[in-house]
Amino acid sequence: MTSTEGDKLILRGLMFHGYHGVHQEEKKLGQKFLIDIDAWMDLRAPGQSDNMADTVSYTDIYRIAKHIVEGPSQNLLESVAQLIATTTLNNHSQISAVRVVVGKPHVAVPGPLDYLGIEIIRYRTIDMPL
């Protein structure tokens with residue numbers, strides 16, 4: 001299996017309002033979603049060149065997540081995460097793997113929590129064959 005060790009871009013605590021879920025009220029009222037993303041790529045070249053052209057902009061990945069979470073409704077968090085992961089891999093060939101966490105902080109459970117959610121890891125060599 002492809003490794004998720006080494007250099008990576010890190011995006012933490014992204015918050016967007018979306019309309020995802022299986023219940024009608026989730027699709028109508030929407031809710032806040034929390035997103036964390038790790039994108040593995042070799043950062044040696046930008047580390048030495050100090051040139052933005054040698055890396056992937058955090059804002060590009062942020063925009064992908066924002067577009068998907070604020071976009072068309074999905075039933076499952078798994079679908080939201082999959083769209084973020086595959087779009088990131090499709091748009092940025094330098095990225096070898098991506099980890100996406102999608103959390104829902106406002107869920108109807110009897111007790112305190114930060115959020116409930118899912119985490120996926122997708123690899124270019126396995127999930128995005130040439």
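## Strand 2

In this predicted model, strand 2 spans residues 31–40. Eight of its ten residues are buried, so the strand is largely enclosed by the rest of the structure.

Strand 2 has partners in strand 1 and strand 3. Strand 1 (residues 8–18) runs antiparallel to strand 2, and nine bridges join the two. Within this pair, Phe16 sits opposite Phe33 of strand 2. Strand 3 (residues 97–104) also pairs with strand 2 in the antiparallel sense, over seven bridges. Here Asp36 faces Val101 of strand 3.

## Nonpolar core

The largest nonpolar core holds 27 residues. Ile35, Ile37, Ile61, Ile84, Val100 and Val102 have the most contacts inside it. At least two core residues come from each of strand 1, strand 2, helix 3 (58–69), helix 4 (77–91), strand 3 and strand 4 (116–123). Helix 4 gives the largest share, six residues. In soluble globular proteins, nonpolar side chains tend to be buried together.

Val102 is one of the residues with the most contacts in this core. Leaving out residues up to four places away in sequence, Val102 touches Phe33, Leu34, Ile35, Leu77, Val80, Ala81, Leu116, Gly117 and Ile118.

## His92

His92 lies in the loop between helix 4 and strand 3. Its relative accessibility is 10%. The cut-off for buried is under 20%, so His92 counts as buried.

Residues up to four places away in sequence aside, the contacts of His92 are Val56, Asp60, Ile64 and Arg124.

Notes. Residues are numbered from 1 along each chain as its sequence is written. This is a predicted model: local features need pLDDT of at least 70, side-chain atom pairs count only at pLDDT 80 or more; totals for chains, interfaces and linings use all residues. Side-chain values use heavy atoms; hydrogens and water are left out. Buried means under 20% relative accessible area, exposed over 50%, partly exposed in between (1.4 Å probe, protein chains only). Helices (H or I, at least four residues) and strands (E, at least two) are DSSP runs, numbered from the N terminus. Two strands pair if DSSP finds at least two bridges between them. A nonpolar core is a set of buried Ala, Val, Leu, Ile, Met, Phe, Trp, Tyr and Cys residues joined through side-chain atoms within 4.5 Å. Contact means heavy atoms within 4.5 Å.
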